[in-house]
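Here's a quick tour of the fold, meant for reading with the model open beside you.

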Amino acid sequence: RHTRFKCDWSSDVCSSDLKNMLSRYGIFCGVIEHKSFTRTAEKLGYSQSAVSQAVRALELETETVLIDRRKDGITLTPDGEQYLPYFQQIHQAEQNLERKEQEMKGLKNSVVRIGTFTSVSRIFLPGLMMEFKKEHPDIRFILQQGEYTSIARWVEEGSVDFGFANAEAVNNLHTQILYRDEMVAVLPKGHRLAKKEIVSLKDLETEPFILLDEGEYSVPEQAFQRRGLHPRIEYKVYDDYSILAMIRQRLGVSILYRRVLEGFGADLVIRPVKEQMERPVALVFRNWDTMPYAARKFASYVQMKVEAGDQRVF
């Protein structure tokens, strides 16, 4: 009794099987399907000798004769009958693996999980995600919003694939600096300091201050401390855009990142700060080689666009 097995020899998958270490199982299945070494070789574009060698390699591996070669055709030996279902399963697994590899490289049904903070998720990422999805429409993004400390923790724990953070606020992780974001003073209209072209931290020390919550690493707080200054911090707020709304209501002044103000600075007074401050915004990851393929692909895309100075990024 011969077990019937159908190989899809017209597919690219079977052709690519020849390139991997398990291809001899697929070749064997083809020989049984077509009942001929010659026809199998023609289908695969191999020489008949190569097909014969692949089958012979299986016979050496199993230490038995698998195919009875006769003048009127070929048949499975009793041992071949026993082995065939296992070879079929291996060959099917090869095909499934090849399909999955192609699926992964095409980023089908892939999810990229990113830890990010407000200005990156509102200004930097949307255009990049839109352009990337044009090439890979099936990809999905999950953005997890936080501050530098929580983002670094998520990356370390693996709850996100990679993150964006202030490079100076991150330890024990790999960082790739993408750009630097300058800090400026933000005042309500008509404020007494609005008459000055440049304000200093000393000018701001006595004002009701709205501090951007950056987690354990605050750039403005450290700048004040280094100069022995003690600002009147009356509010500590996580969201940059909530701070802008509070300044408009004259609840205080603040120091924010210039990129946050792009398109949102109307009805506010923005002044450079004498003591220049900035944050190096970085791509943050634990291990590039073990990062999921889709995440690594998008992270590389981000780096490429930044290096090229793409206007949709800057």
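What percentage of the 314 residues in the protein is buried? Buried residues make up 50% of them, where buried means under 20% relative accessible area, exposed means over 50%, and partly exposed is in between (1.4 Å probe, protein chains only). Keep in mind that this is a predicted model, where local features need pLDDT of at least 70 and side-chain atom pairs count only at pLDDT 80 or more, while totals for chains, interfaces and linings use all residues. Residues are numbered from 1 along each chain as its sequence is written, and side-chain values use heavy atoms, with hydrogens and water left out.

**Overall layout**

- The secondary structure comes to eleven helices and eleven strands; these are DSSP runs numbered from the N terminus, with helices being H or I of at least four residues and strands E of at least two.
- Of the contacts with a separation of 6 or more, 72% are between residues 24 or more positions apart; a contact means heavy atoms within 4.5 Å.

**Strands 3 and 4**

- Strand 3 (residues 111-116) runs parallel to strand 4 (residues 140-145), and the two pair over six bridges; pairing takes at least two bridges found by DSSP.
- To get from strand 3 to strand 4, the chain passes through helix 6 (residues 118-135), and this β-α-β crossover is right-handed. That label applies if, with the strands pointing away from the viewer, the path from the first strand over the helix to the second runs clockwise.
- Look for Val112, which sits opposite Phe141 in strand 4.

**Nonpolar cores**

- The largest nonpolar core has 73 residues, and Val112, Phe124, Phe162, Phe164, Leu204 and Phe298 touch the most other members. A nonpolar core here is a set of buried Ala, Val, Leu, Ile, Met, Phe, Trp, Tyr and Cys residues joined through side-chain atoms within 4.5 Å.
- Not counting residues up to four places away in sequence, Leu204 touches Ala185, Leu187, Leu193, Val199, Phe224, Val253 and Ile255.
- There's also a second, separate core of 18 residues, including Ile32, Leu44, Val55 and Leu58.
- Val55 lies in helix 4 (residues 48-62) and counts as buried, because its relative accessibility is 0%.
- Val55 is in contact with Phe28, Val31, Phe37, Ile67 and Arg69, leaving aside neighbours within four places in sequence.
- The C-alpha atoms of Val55 and Arg24 are separated by 6.7 Å, although the two residues are 31 residues apart along the chain.

- Helix 7 (residues 148-157) has Tyr148, Ser150, Ile151, Ala152, Trp154 and Val155 buried. Their cover includes strand 3, strand 4, strand 5 (162-166), strand 9 (254-257) and strand 11 (278-285).
- At the start of helix 7, a side-chain oxygen of Glu147 comes to within 2.9 Å of the backbone nitrogen of Thr149. Just after the helix, Gly158 has a positive phi of about 90 degrees.
- Thr118 lies in helix 6 and is buried, with a relative accessible area of 3%.
- The side chains of Thr118 and Asp240 are joined by a polar contact of 3.5 Å. For a polar contact, a pair of N or O atoms must be within 3.5 Å; within protein, one must be able to donate a hydrogen and the other to accept it, and residues adjacent in sequence count only if both atoms are side-chain atoms.

**Aromatic pairs**

- Rings of Phe, Tyr and Trp (its six-membered ring) pair if their centres lie within 6.5 Å; planes under 30 degrees apart count as stacked, over 60 as edge-to-face and the rest as tilted. By this rule the count comes to 15 aromatic pairs.
- Phe298 and Tyr301 are a stacked pair, 6.4 Å centre to centre with 20 degrees between the planes. They are about one helical turn apart, because three residues separate their positions in helix 11 (residues 293-307).
- Both Phe298 and Tyr301 are buried.
- Tyr25, Phe28, Tyr83 and Phe87 form one aromatic cluster.

**Positive phi in loops**

- Most residues other than glycine have a negative phi.
- Lys35 has a positive phi of about 55 degrees although it is not a glycine, and its place is in the loop between helix 2 (23-34) and helix 3 (37-44). Lys35 is partly exposed, at 46% relative accessible area.
- Asp267, not a glycine either, has a positive phi of about 65 degrees and is found in the loop between strand 9 and strand 10 (268-272). Asp267 counts as exposed, at 51% relative accessibility.
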